Amino acid sequence: MKNQNYSEIGIGKYSWSYIIKWLIIIMIIYALFGWLLVSHPFAFYTVRGSSLNYSRIFYLHGLTVGFAGITGLMVSQAFNLSPNIKKIIFYLTIACVLIGLTGGAINRSMEHKITLWYQILSMFSLDIILLSLVIGFLILKNQLLKRTKAYWIAFLASVSALIAGLFGDLVGFILDFGNWPGICGWYANKIGYTLSEWQDALLRTHSDMMVVSVLSLLIAIANYRFGSNLIGKAKIIRNFGEWLLIIGIILTLIIYIVSGLGGSSVQIPHLFTEKGFFEPRGQSVAGVDLGDFVIGVFTFTGAILITGASSFGKRNPDHKLTKTETYTIRGIFMAMVCIFLAVGGLGFLEEYRADLYNSDVATTPLGNYGFIFRLLHVDVCLLLFPAMILLMLLAERSLKTKANRIFQIILRIGIVITFIGALIFMLVNYHSFGPGTWILALGIIILLCGIIYYLIHDQQKLRK
């Protein structure tokens, strides 16, 4: 089931991986200058209780759209979709990154329509990439692959990402045009919302679905590349993890589509509330969001079981992983464990005790910790760590064994230190320039050193 023959599409004599390498360099420069010029650009809110900062949102979209595009390109290559699909995705990935970054650099508000619509072109490019992935999986001729759960994970995650992208387009349309030509306001009223309330529901649906869908695509690649030929208990664990992930994607898709389009009467309920096991949204002080519960219990747990079994499980003696492949999948497993502990573990705790941690209520005693978690669980665990997983997958196909081992060690150290710094921020000291700041900064610096090491030692120079 494992496919190592990545086709070398590209521009002239330069392979796609060589082009992507330079796009990553541009993205790193963009991110670093953003921290200096935009000031903490990943934070959607400047302080607790403040409104969304669109300048930072547009800056962040410049990175995330490109990241999602490169992920789509990796999926098309790893699953060996048709040549035409891969070419479409390759060229649109370049557009995603370049237009997204330049648009994010100049687009500061909803008021400047030229810069706004220029950056929106990158989002439309991502929509076509995701649509191309869905079509590519549907027309795939490899019938053996189509009978595997790895195929269905990748296909369903592509569908989920496409729908999330379309929801994001709808949010952008409402933000830019308001109730023109009247259809959106009419529909919002029909389902029991004002237009702004429906926009908020769609935004929550878009962001949660897109993050989980892209992460699931990365796990789909890892599953397909490193999860085959397991035997014994490892095979059983991997199969169970695959089913959990498939169920998680489907349930998440249903929950968020209903939440986004179904109206005020069918919003995502809470579990384990102070009033009982199940309560409608708004009827309890605390409780775990059903969508988050499904993501944590099914999607994240499935991903950990898949990557854990692939990392340490027994295999058919004739199909053992190489050292490079082993280094890579174990790095992905460790990153997933950190994501699960912070987002699933600490996130469930803060939702379960929202009476203490809810940052939207000024009187909650631990609301400042809840606010920091609100920012860092996205910035670190759901954006930075998946980006490191993407780099691990890119490095696996281009670095020599020794270089890949060093790269993976650097990234693992950086991920653990960054994770510890984020936990200190979330649990011990939420103040800027406290211990969490310095540990978090050290972890990010180590990750940056690992990225630079990868870029220097990348072996994919020219197309063969």
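**Cavity, helices and surface of the predicted model**

Helix α1 (residues 16-39) supplies three residues, the largest share, to the lining of the largest cavity; helices here are DSSP runs of H or I with at least four residues, numbered from the N terminus. The model is predicted, so local features need pLDDT of at least 70 and side-chain atom pairs count only at pLDDT 80 or more, while totals for chains, interfaces and linings use all residues. Residues are numbered from 1 along each chain as its sequence is written, and side-chain values use heavy atoms, with hydrogens and water left out.

The structure holds one cavity of 30 Å³ or more, and the volume of the largest cavity is about 30 Å³. A cavity is a set of points on a 1 Å grid over the protein atoms alone where a 1.4 Å probe fits but cannot get out, and lining residues have an atom within 4 Å of a point. Points are joined across faces, edges and corners, and the volume is the space filled by probe spheres set on them. S17, I20, K21, L394, R397, S398 and Y454 line the largest cavity. By type, this lining divides into three nonpolar, two polar and two charged residues, where Ala, Val, Leu, Ile, Met, Phe, Trp, Tyr, Cys and Pro count as nonpolar, Asp, Glu, Lys and Arg as charged, and the others, Gly among them, as polar.

Helix α6 (residues 149-177) is a handy landmark for what follows. Its 29 residues reach 42 Å from first to last C-alpha, close to the 42 Å expected at 1.5 Å a residue, the expected span being 1.5 Å times one less than the number of residues. In the whole structure, a search finds six salt bridges, each a side-chain nitrogen of Lys or Arg within 4 Å of a carboxyl oxygen of Asp or Glu. E242 forms one of them with K149, with the closest N and O atoms 3.6 Å apart. E242 lies in helix α9 (residues 232-261) and K149 in helix α6, so the pair ties together parts that are 93 residues apart in sequence.

The backbone also deserves a look. Most residues other than glycine have a negative phi, and most peptide bonds are trans. After α6 comes G178, with a positive phi near 65°. P181, in the loop between α6 and α7 (183-190), is joined to W180 by a cis peptide bond with omega near 0°. N80, found in the loop between α2 (54-78) and α3 (83-106), has a positive phi of about 50° although it is not a glycine.

How values were computed:
1 Å grid on protein atoms, 1.4 Å probe; cavity = no way out; pocket = protein on both sides within 12 Å on 5 of 7 lines; lining within 4 Å. Helix = DSSP H or I, 4+ residues; strand = E, 2+ residues; numbered from the N terminus.
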